[in-house]
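Have the model open in your viewer and keep the selection tool handy. We will go from stop to stop, picking a part and looking at what is there.

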Amino acid sequence: MSAPPADRNAEGNFLGAALRHPAFIAGLVLTLLFVGAALLSYLWTPYDPTRLDIAAKLQTPTSGHWFGTDHFGRDIFSMLMVGARVSIAVAIIAVGIGVSLGVPLGLYAAAHRGSLLDEVVMRGNDLIFAFPSLLLAILITAVFGPGAVNAIIAIGIFNIPVFARLSRGAALSLWTREFVLAARVAGKGRARISVEHILPNLMNLLIVQGTIQFSLAVLAEAALAYVGLGAQPPLPSWGRMLADAQTFISLAPHLALFPGLAIVLTVLGLNLLGDGLRDLHDPRLRRART
Amino acid sequence: MTLYLLRRLLSLSLTLLAASIVVFLVTEIIPGDPAAFMMGINADPAAIAALRSELGLDQPVAFRYLNWIVGMLQGDFGQSYTYRVPVSELVGDRIAVSLPLTLYALALSTLIAFPAGVFAASRRNAPGDIAIMGVTQLGVAVPNFWFAMLLVLLFAITLQWFSAGGFPGWDAGVLVALKSLTLPAIALALPQASILARVMRSSLLDTLDEDFVRTARAKGLSRSQALWGHALRNALIPVLTIVGLQFSFLLAGGIIIENVFYLPGLGRLVFQAISQRDLIVVRSVIILLVFAVVAVTFLVDIAYAIADPRLRRQRR
Amino acid sequence: MTNFKTVTATVSAVALILGLATMPSLAAQTDITVGMQLEPPNLDPTGGAAAAIDEVVYANVFEGLTRFTADGEVVPALAESWDISEDGLTYTFHLRDGVTFHDGSSFDAEDVKFSIDRARAEDSTNAQKALFADIQSVEAVDAQTVKITLSQPNGLFLFNMAWGDAVIVAPETADTLATDPVGTGPFAFATWTKGDSVALEKYAEYWGEAPRLDKVTFKFIPDPTAAFAAVMAGDVDAYPNFPAPENLEQFKADPRFTVIVGSTEGETILAMNNKKAPLDDIKIRQAISHAIDRQAIIDGALFGYGTPIGTHFAPHNPDYVDLTGQSAHDPEMARKLLDEAGVSDLTLSLKLPPPAYARRGGEIIAAQLKEVGITAEITNVEWAQWLEDVFKAKNFDLTIVSHTEPMDIGIYARDDYYFQYADADFKAILEELNKTTDPANRSELLGKAQRKIADDAVNAYLFQLPRTGVANAKIMGLWPNAPTQANDMTAVYWVD
């Protein structure tokens, strides 16, 4: 019965349009590549990424070790595969926290516009936005100790206002639309309208923003791990691999090269995917492109 | 207008008050005793206790909070536990590095982003546009600390054109000092320039689509005349907003880059202060940074309100 | 790779030629820039524990009654000579004549009395207050004589007075030493560019032999990559405690530099919480000791620099007993001991403080323990956290730390010390040692103490922390070893 004005035609054309969007395809391929590597690492890696072989340290890439070995003789390729798992898991959960707390807050604030809670939510958002994010993340991990879980919390907190603000803003404009007014006339409560009518129409927006936040979270996780506040050894992490590589930069540059490329390609893939999704969901832009 | 101003000022003060409580509480529950850290592993417990009372750490929490707030309102930020000098002096020294670095990076980023964005917009979907957008996509995806490491490898270790880190101080000469800030500024500027170029391009394209520009073109202006004459000016508003945001982001966000290049800046001061549990420095610097962000937002809001009286009523 | 190295070599060669061409080759250089990893938080050696304070000011700015030499010997400094009473309780120090502080005021017995009383006072913030614990009274007999009375004989008293924490300061400047240190040493404090460097200048009125350098700048470069580039580019002339042993080979290959390898007083151990189950079982502690391959840790974490140790004692000490064989790497034995102890699937926490030896060593040890079926859960902690969590709250199973104080086997007699050994027999040995003055008997007791803690596998003893430095090949007179944390610049000079 709910009749969101979703563009049914667009759904049908989505696949065709997607296939004609090279950036979207590139983003999808890169993202799938890293997600695939992360999943595969549960079943198989060329070597045990935690096994040390001091005698074989700092080897340049060979057919035995595709990306060479690190300062403990560990296989860099295997470490990157497992590192992908950490990066992706941290990013997914952190963004998940942002969505699951931010969206309800935003929807509530929009439904009760001008109420005290709306004011509190928005000022709370301002407060979090005003904090230097990396510094606060470092403080949080100083309080709770370093580790993947605390990195997730630190990154997640900064995702809450992003989604709260986004969904409040978008929901506010939806509240003035006819189909919502019709639902109100039909006697539906604010909460029910928010869930049944507003939320479905925010989905596209949330998916696009989610992808972008996801890529930002991968970068943030790398930065935290780089300063030593991410997942703890022996679990490999891209950011910590870079930190470890730093003193070897003149001796063995490949130690810094591959983890850096992994981060760049993952973030690039997610950004391209996000941009592609936005283009595909925005008919105006799609027209402009063709 | 006055009422609006008062309302905004009140909300600003409340934000700062809330921020001060959050910062104070977070630094309060950090495990680790500043005095024990300073005294080291073989210290006598009595000596640690003596130092605690010398630093005023044995006083009640509420008292110390009020002391801190009242002090700050009078411009006294307290004395650093480890360095034993006033926090304001430390912050002053460090801002002399962080602020120029931020401005340098911002200047670089703007100088790169403006032409790139305008060029891309003027050749929409042509190879030039696609190339620039591709490069900026890459620029956004590169972690700045990794880029910094590559810069060090190439320019400091291999070519030895720049030193790998450190800051000789402004006394060593402006050019020498600027030179030591160059690699860090480049590392900071790249991602910012990429973001800015993308904003510039899309903002220009949006204005080019707007009615007044269409009208201008219909009246016979060429595309580039329309671009330069009408669109650019109007497209600058969102771009300048982003530049403003980037300024406060860079001021606090240079922390990792300051660490990579070993610059005695504000970010590194806080980073070190956290690990040394010099909590008074941590608190005061974070509050100053929050204040900077809030103040910039406030000024932007006021500017908008003056420019567009409608906002005064609508904006919440 | 090959290409990259060739480029580096060519570029450095070009730089070298250009550098030589522009360098005035007249008299030898009289200023030096010394690289250090950490910036001192303040410059008062009597009010803080940071090693970086002593690394700047010890023997350069401040002096005590006695001092350490490069080989760790204790020799006269501000006290020219001393008499010790028969019962070993009274020390009469004869002070040097003509000594002045850098502010021009003269040095006399009152300054000594003030400094020592200040350090042992109730409200003292001296980090090594224990050094003064046996002092009963300090008396200025006349301007050149000080009499110190002890409450019990202490064979280490002259040694204690050589520490940086026991330097002599003047009452007028004592409160401002943190930012404006005034001492009696051959160099006076000049400037401190916070976050970058501290500069010292030759003190013209110095009582002893004048130093050959006019100016010493300590530059703080914590990042090993930046330190490497700074040395390569000649921005610093010497880096006596170079943070990245992996780069030393590159310096060795370059004729412009000498690599100085020495030793420190740092016994690096894998400390175990002896009171916490299951580590209260000696079999498990022995199993852990046998699971560890010391040479692999030295190779992997320190690139081959470092001497394996089998007990908590410095190998360069004449009384050292080599007990490494007793806990040799033997995974089979480790597994057998674990079986005997009746444990399987053991999981232990391993808390690692920031230094590279701990972080890298910890990863290697975790992998070695995994080989015998023990899971070590690593947590990297900052020093402040380590002090709170490990040292004070004893909330840990395993941790790695280097005990850098000289002659510190006595920590095993402290019941509340973080690894909680608390063994009556060991305490008896130490008590006897403190009462013994005969060198041969002392040596025997020290050997007994070393064997006792090795037999009980209190901790796993890893290696003596090396001191690896790099300097311009034309610099002479730097300390190779670190008997105390110091960069003594008094005998340093350049050759042409």
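Which residues of chain A does the UniProt annotation "transmembrane region" cover? In the unreviewed entry, the annotation covers residues 23-44, 86-109, 129-158, 202-228 and 248-274 of chain A. UniProt positions are given in the numbering used here, feature names are shortened, and annotations may be inferred rather than shown by experiment.

Two notes before we move on. This is a predicted model, in which local features need pLDDT of at least 70 and side-chain atom pairs count only at pLDDT 80 or more, while totals for chains, interfaces and linings use all residues. Residues are numbered from 1 along each chain as its sequence is written, chains are lettered from A and ligands numbered from 1 in the order in which they are written, and side-chain values use heavy atoms, with hydrogens and water left out.

**Stop 1**

Then pick residues 202-228 of chain A, with 93% helix, 0% strand and 37 Å between the end C-alpha atoms. Helices (H or I, at least four residues) and strands (E, at least two) are DSSP runs, numbered from the N terminus.

**Stop 2: chain B against chain A**

Now show chains A and B together. The contact (heavy atoms within 4.5 Å) takes 43 residues from chain B and 41 residues from chain A. Between them, chain B and chain A bury about 3700 Å², 76% of it on carbon and sulfur atoms; buried area is the accessible area (1.4 Å probe) that two parts lose on being put together, summed over both.

Zoom in on B:Arg198 and A:Asp275, which form a salt bridge with the closest N and O atoms 3.0 Å apart. The term stands for a side-chain nitrogen of Lys or Arg within 4 Å of a carboxyl oxygen of Asp or Glu, and the count between chain B and chain A is one. Next, colour the elements of chain B that give two or more residues to the side touching chain A, including helix H1 (2-29), helix H8 (174-208) and helix H13 (279-307). H1(B) gives the largest share of that side, ten residues.

**Stop 3: the domains of chain B**

Select domain 1 (33-76) and domain 2 (87-315) of chain B; these bounds come from an automatic or database domain assignment. The centres of the two domains, taken over C-alpha atoms, are 38 Å apart. Four residues from domain 1 of chain B and eight residues from domain 2 of chain B take part in the contact. The two domains bury about 560 Å² between them, 72% of it on carbon and sulfur atoms.

**Stop 4: chain C against chain A**

Finally, bring in chain C. Here 23 residues from chain C are in contact with 24 residues from chain A, and the two chains bury about 2100 Å², 59% of it on carbon and sulfur atoms. How many salt bridges are counted between chain C and chain A? There are two salt bridges, and one to select is A:Asp48 with C:Lys370, at 3.7 Å from N to O.
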